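I opened this structure to look at its strands and how they pair. My notes follow the picture.

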Amino acid sequence: MSYGAELGEVRAALMSLPGVRDAAVHAARHAPGGPRIVAHVVTRTPPAELRAALRSRLPSHLLPARVHRVPYIPLLPDGRTDHRALAALTAAASDTASTPGESRWAAASVPVTPQQRALLPHALAHRGTGRFVQQLHWRWHGPLDTGRFTAAWQSVFAHESVLRAAFDGDHKPRMVLHEHVRAEVVRHAAGSVDFDQLTARDRLRGFDLRCPGLLRLHLVDEAAPHGGDPPSVRILLTFHTLALDDWSVAVLLEEFYRAYLAGGRLPGGERRPDHRDYARWLTGQDTAPARDFWSSTAPGTTALIRPGTPGPATGLSGYGRAETRLGAGPAGRLRAWAASHACTEAGALQAAWALLLYRAGATAGPALVGFGVSVLGRGVAVDFVERLPGLLANTLPMTVRVDPGAPVARLLADLRDQALEMAAYEWVSLEQIGAWSGRGAGDELLESLVVFEYRRRGSATLRSALAAQGIGVTPPRPAGTPTVLPVTLQARRDADDGLHLSAVHDRARLADDDAARLVGQCARLLRELPHLAGGAATVSDALAALADEPPAAMAGAPAATATGAPT
């Protein structure tokens, strides 16, 4: 038996079974009759059912002779299975008469947040589609020790309870925080996989939300460089958005680098406060003020929410991305213009998007427009919330009145004021807001989302420490994340101080050419706004910049969706 490869095949088959949270496989070499495969599995499924399911996945000589259920797989500091502790755990589990689901299977559980409760049914319904899965990729230049890399991530998993989380329950879902979860890190030899294909395959693989470990990594070695340059490895990090947001992943990466620099171990024990403390804070909030606020400010059924005029079916499927860029000069003028109106460039971006929604509505007089905005969700009274990993980022509805005769400065001020007012209620879910606004089933609350990416600044100290060990890392970049709304407009500052814009779109609703037109018109407005004639320039003056271009066309929704919930 080629122990390493074949035992890995058995473990992979076990991990592919529904309800299996973790597994360890070894060969009992001194068993009577020769080596026998023994499996230890973290699951609620009876061992006999596991063996029956494996018969269709494995050849007979690889079927485990014994399958033991255990509450967790104990690990050594370097991430390998601690077989001595596993043997003791197996004996203890065998000697204890208990039913699956008792406390030995998990450390704790907490109620899900309002946002998680709203998204969970949709995430379960769209498993295997890549929705609600996000990915980052970057390059690592210099030496990379796989064991040390894995041990560092294992240490972060031990430190952060959210990385050991799973979801349980249908009517009253809870987040279950497990005691031990193996960090999944796979390294691929140069030339063995295509990185883009791996990225797409791993996104579609998704996650079983009932199993802990909603983050994993792939390392792909690149061909040896010429001229004595250091070797490089492409890193792919895939995670589920019900557990983590982008800000949280940046925090976790900083912790990982500290652990790697320390030889694979992160100093200190489990973090507190953690998601348990955030959940406790949420349960103490009075929803009455939030209900009063959102019931009066959420987009009404007459608000213009489509970024395109009604158009025919596109005949397309999947997701697309249209991109453009404002150079450093135009981006700098935009920032200065926004600041002169006591606003940020994010506010200017929202104003441009509101103008496009108004234009797509083909109306002559004042009208309300509505779109989603992404907020960090970290303005809550929880200690050290800036470094708390979890799903705190949120999508909230922004509603503003667009009057063609009113000054653009008024539009900017209205957007700024509403952003300040909604900051007190960033923890409320779209599902709650939709219900409070009185919308019926099938009434869409939002059709687009505007995201201005506020990335955590990387630690110069960490970069210097990595460089001292001959290591350089590039900033992580997103990898083709699908949108949960028909259109998501994303903006970020780039390394040259320009402004990068991209429209991630559902191709069934917005064709590629229309998405390119939409993001191009947004960029054109952002270039023109600073050139308007002072504070007296009106909305009509701004829209005149697009007079020679038709609006984008957008197909109708194929079917009604649940109120206020992204799908």
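I started with the unit made by strand S2, helix H2 (residues 47-54) and strand S3, a right-handed β-α-β unit. Right-handed here means that, with the strands pointing away from the viewer, the path from the first strand over the helix to the second runs clockwise. Helices (H or I, at least four residues) and strands (E, at least two) are DSSP runs, numbered from the N terminus.

A note on the source: this is a predicted model, where local features need pLDDT of at least 70, side-chain atom pairs count only at pLDDT 80 or more, and totals for chains, interfaces and linings use all residues. Residues are numbered from 1 along each chain as its sequence is written, and side-chain values use heavy atoms, with hydrogens and water left out.

Next I checked the partners of S2; two strands pair if DSSP finds at least two bridges between them. S2 pairs with strand S1 (residues 22-28) in the antiparallel sense over seven bridges, and Ala 23 sits opposite Val 41. With S3 (residues 66-69) the sense is parallel, over four bridges, and His 40 faces His 68 there.

Then I looked up the open sheet: six strands, in the order S12-S19-S18-S15-S13-S14, with mixed pairing. Its edge strands are S12 (319-326) and S14 (394-402), each pairing on one side only.

Last, I followed S13 (residues 367-375), which runs antiparallel to S14 and is joined to it by nine bridges. Leu 368 has Arg 401 in S14 as its bridge partner.
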